[in-house]
Amino acid sequence: MAQPDGKKIFFENLSGAGKAIAVLTSGGDAQGMNAAVRAVVRMGLYVGAKVYFIHEGYQGMVDGGENIKEATWESVSSMLQVGGTVIGSARCKEFRSHEGRLKAAHNLVQHGITNLCVIGGDGSLTGANLFREEWSGLLGELAEQGLIDADAVQKYSALHIVGMVGSIDNDFCGTDMTIGTDSALHRIIEVVDAIMTTAQSHQRTFVLEVMGRHCGYLALVSALACGADWVLIPEMPPEDGWEDKMCEKLSANRAGMKRLNIIIVAEGAIDRNNAPITTDYVKDLVVKCLGFDTRVTILGHVQRGGTPSAFDRILASRMGVEAVLALLETTANTPACVVSLCGNQSVRLPLMECVQMTQEVQRAMDGKRFEEAVKLRGRSFENNLKTYKLLAHRKPESELPVSNFNVAVLNVGAPAAGMNAAVRSAVRVGISEGHKMFAVSDGFEGFYKGQIKEIKWADVGGWTGQGGSLLGTKRTLPAKHIDKIAEQMRMHNINALLIVGGFEGFLSLLELLTARGKYDEFCVPMVMVPATVSNNVPGSDLSIGADTALNAITTTCDRIKQSASGTKRRVFIIETMGGYCGYLASVGGLAAGADAAYIYEEPFDIRDLQANVEHLTEKMKTSIQRGLVLRNENCNENYTTDFIYQLYSEEGRGVFDSRKNVLGHMQQGGAPSPFDRNFGTKISAKAMQWISKKLLETFRHGRVFANTEESCCLLGMRRRALVFQPVVQLKDETDFVHRIPKEQWWLKLRPLMKILAKYKTTFDVSDSGQLEHVVRNRPKESDASVAI
């Protein structure tokens with residue numbers, strides 16, 4: 001396939017020839033560790049380095065022998081979809097002693113290893129840093145004991161460390177997400193969704209305990225993602241007297257016709273005096289005070305198990321490649337670093353700065369400085385907490401501000417999982433800000449027909465876990481019925497508009513902006529939140545619904561590949577959705593371990609197809625049994641899925657046979673993933689807060705009048721932050737014919753997929769993470785929902 005020009009080609013600038021890299025997993029296991037190991041091995045081999053597995057973590061490093069083995073390309077095949085860590089993990093007391101580290105140093109020197117990639121939690125990474133600091137002294141001792149010679153001391157004088165955080169708790173400061181967290185959230189939400197159906201049947205209250213001894217991230221985000229009635233976390237213990245308040249809330253929810261209650265408790269939950277709050281205590285409290293039928297469910301190690309989510313596979317693959325880059329670029333004076341995620345970007349941070357801040361969180365909690373602990377956790381955690389409080393706890397009518405503004409919410413375009421979570425968030429934040437909220441059914445088609453009604457707080461209860469669009473959505477654009485829509489705006493006195501939708505939503509805003517010249521009714525604040533499985537909306541790196549679609553593709557590809565296990569060699573051709581946008585095919589290909597992904601944005605011809613067939617033929621002649629090729633539905637009008645299937649079938653005759661699958665609308669269906677629920681909730685809350693601010697700014701002489709470009713915006717995620725962008729300014733960034741942005745960030749991930757599939761390709765490292773410093777989180781009060 002045609003390749004974008006890389007600014008650096010590894011074999012010319014970043015060769016790993018002569019280097020030896022070892023990868024180990026340590027501490028608790030986490031889903032996605034195998035994807036990280038696979039990426040480190042294949043990237044290391046790609047740049048010409050020797051790569052070694054260290055089995056059983058630090059214990060294997062101390063014991064040596066068969067625990068340290070050279071890795072091959074084939075040795076990491078078929079491990080991308082496997083949970084846990086196939087190279088084993090163990091907690092090692094011996095490594096904590098000087099003698100243990102001396103043995104470990106000797107074993108590494110025997111294999112010529114001076115580059116370590118450590119995947120684990122803060123304890124594992126702290127141990128690695130100590131090992132690095134002692135390295136020269138350890139080599140000196142080994143030389144004195146006659147175990148190594150002076151040449152070895154000179155040759156292996158520096159040990160380089162790069163860390164990746166593998167922990168389901170997401171308890172490491174400096175990164176928005178750790179490897180395994182998203183998969184653990186998937187397990188929790190699957191259980192919560194299942195429990196909600198039985199709780200509904202019997203009008204029960206369920207108290208769920210989730211992991212998180214010292215960190216409440218899993219509890220907090222799962223509470224946000226399922227709309228739990230109450231959550232208890234260690235960083236922000238409830239105020240004294242919380243028991244009465246909780247029971248009042250549960251009782252009020254039942255009185256409001258809600259048939260169930262969900263309470264989520266982190267295993268490390270404490271009160272203001274640092275005394276533990278257990279699930280049994282909460283259960284007994286509910287039974288005693290309210291008499292509700294109450295059950296306890298402790299999720300336990302279910303959260304650690306199972307296959308990794310698409311997010312964790314992509315995160316781990318990106319981090320693994322970045323870790324190898326960091327090791328290649330390191331010098332004797334470079335501090336040990338950890339590869340982190342900030343927004344949508346990989347960054348490198350000094351390992352010990354992150355560890356020290358992580359330890360500061362615990363000290364703050366021990367000292368009862370809980371506000372400080374929340375801030376130290378980072379912007380993502382703090383914003384999750386603020387958003388949960390905003391949506392879960394309704395203020396009494398008497399405490400609500402009175403704005404006298406009417407705000408309408410509607411869905412536009414095709415359905416996307418997470419739309420309902422976004423609408424729920426908008427409605428509840430709007431009501432909290434004192435607005436009267438209106439729901440428009442069936443997009444602009446329902447708008448011009450007058451299908452508009454007021455929507456209350458309780459009306460959106462239970463919406464977060466629902467797939468599709470409960471409001472109803474259509475692709476109809478407003479221009480054709482603009483006069484009738486203006487009339488409905490006037491009749492219902494709509495003062496602001498929030499659109500949750502895809503590319504049609506973007507086009508709709510442009511049409512409404514144009515209509516301002518003729519109709520004053522559209523001179524109101526208007527904002528759009530991107531929601532489409534195609535992820536093709538300009539101005540945003542991510543859209544609500546894309547993560548759920550990626551998980552559907554990844555899960556299906558796993559099953560399809562498994563269907564060929566034990567049979568003869570087989571290649572699967574899979575067609576994905578996305579219109580002309582190749583996001584699902586490319587990123588889904590990276591998550592599923594595809595050999596190729598054909599997309600419109602990267603033109604290809606028959607020679608590329610032939611090269612791909614030959615490449616797969618060579619791989620199939622070794623130990624690889626299954627191949628996977630993804631094709632975007634509109635990548636090429638002539639090279640159809642049938643054509644590619646027939647080509648592969650003919651050219652692979654005698655080596656492999658082929659099968660094809662069109663995934664179709666299963667990519668749009670299903671319950672939203674935890675990521676989409678969380679992202680939809682927070683981005684929509686931020687959009688509503690922007691609307692409130694604009695309404696106050698533009699209210700003059702008894703009416704709202706907003707006719708500037710800045711009052712008609714799209715709220716999108718750009719690299720590290722959520723940004724409001726006037727839609728008129730996004731026109732130049734848009735290919736309207738093919739309904740895609742002219743520049744798309746994920747194209748930089750495509751060489752990564754090819755490298756991991758053993759293609760020789762260029763790789764642009766100009767955007768790779770440079771070493772930064774940990775920034776303490778001190779956001780402004782108004783920044784309620786910045787990070788995802």
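1. In which helix does L752 lie? L752 lies in helix α24, residues 750–756. The model is a predicted one, in which local features need pLDDT of at least 70 and side-chain atom pairs count only at pLDDT 80 or more, while totals for chains, interfaces and linings use all residues. Residues are numbered from 1 along each chain as its sequence is written, and side-chain values use heavy atoms, with hydrogens and water left out. Helices here are DSSP runs of H or I with at least four residues, strands are runs of E with at least two, and both are numbered from the N terminus.

2. L752 has a relative accessibility of 3% and therefore counts as buried; the term means under 20% relative accessible area, with exposed meaning over 50% and partly exposed the range in between, for a 1.4 Å probe and protein chains only. Not counting residues up to four places away in sequence, L752 touches S317, R318, V321, L590 and F763, where contact means heavy atoms within 4.5 Å. Between the C-alpha atoms of L752 and G227 the distance is 37 Å, and 525 residues separate the two in sequence.

3. Two further buried residues deserve attention. M620, in helix α21 (residues 606–620), has a relative accessible area of 0% and is therefore buried. Leaving aside neighbours within four places in sequence, M620 is in contact with R569, R570, V571, Q625, R626, G627, V655 and F656. V355, in helix α12 (residues 351–366), is likewise buried, with a relative accessible area of 0%. Outside four places in sequence, V355 touches D122, T126 and F172. The C-alpha atoms of V355 and Y281 are separated by 33 Å, and the two residues are 74 apart along the chain.

4. The largest nonpolar core has 239 residues, and those with the most contacts inside it are M61, L116, F131 and M164. Helix α11 (residues 310–329) gives the largest share of this core, 13 residues. A second, separate core of 18 residues includes V571, I573, A596 and Y759. A nonpolar core is a set of buried Ala, Val, Leu, Ile, Met, Phe, Trp, Tyr and Cys residues joined through side-chain atoms within 4.5 Å. In soluble globular proteins, nonpolar side chains tend to be buried together.

5. Helices α7 (residues 181–202) and α8 (residues 217–226) pack at an angle of about 50 degrees, with axes 10 Å apart. Axes are lines fitted to C-alpha atoms, for helices over the stretch in contact, and angles run from 0 to 180 degrees between N-to-C directions. The two helices are therefore oblique to each other; angles under 35 degrees count as roughly parallel, over 145 as roughly antiparallel, 65 to 115 as roughly perpendicular and the rest as oblique. On the α7 side T181, A184, L185, I188, I189, V192 and M196 take part, and these meet Y217, L218, V221, S222, A225 and C226 in α8. The residues of this contact comprise 11 nonpolar, 2 polar and no charged. In this classification Ala, Val, Leu, Ile, Met, Phe, Trp, Tyr, Cys and Pro are nonpolar, Asp, Glu, Lys and Arg are charged, and the others, Gly among them, are polar.

6. The axes of helix α19 (residues 546–562) and helix α20 (residues 583–592) come within 9 Å and cross at roughly 50 degrees, and these helices are therefore oblique to each other. Their crossing is right-handed, a term used when the near helix is turned clockwise from the far one by less than a right angle, anticlockwise being left-handed. From α19, A546, A549, L550, I553, T554, C557 and K561 meet Y583, L584, V587, G588, A591 and A592 of α20. By class, the contact has 10 nonpolar, 2 polar and 1 charged residues.

7. Two residues other than glycine have a positive phi. For D442 the value is about 60 degrees, and the residue lies in the loop between β13 (436–440) and α16 (443–448). With 24% relative accessibility, D442 counts as partly exposed. For N493 phi is near 50 degrees; this residue is in the loop between α17 (482–491) and β16 (496–501). N493 is also partly exposed, with a relative accessible area of 43%.
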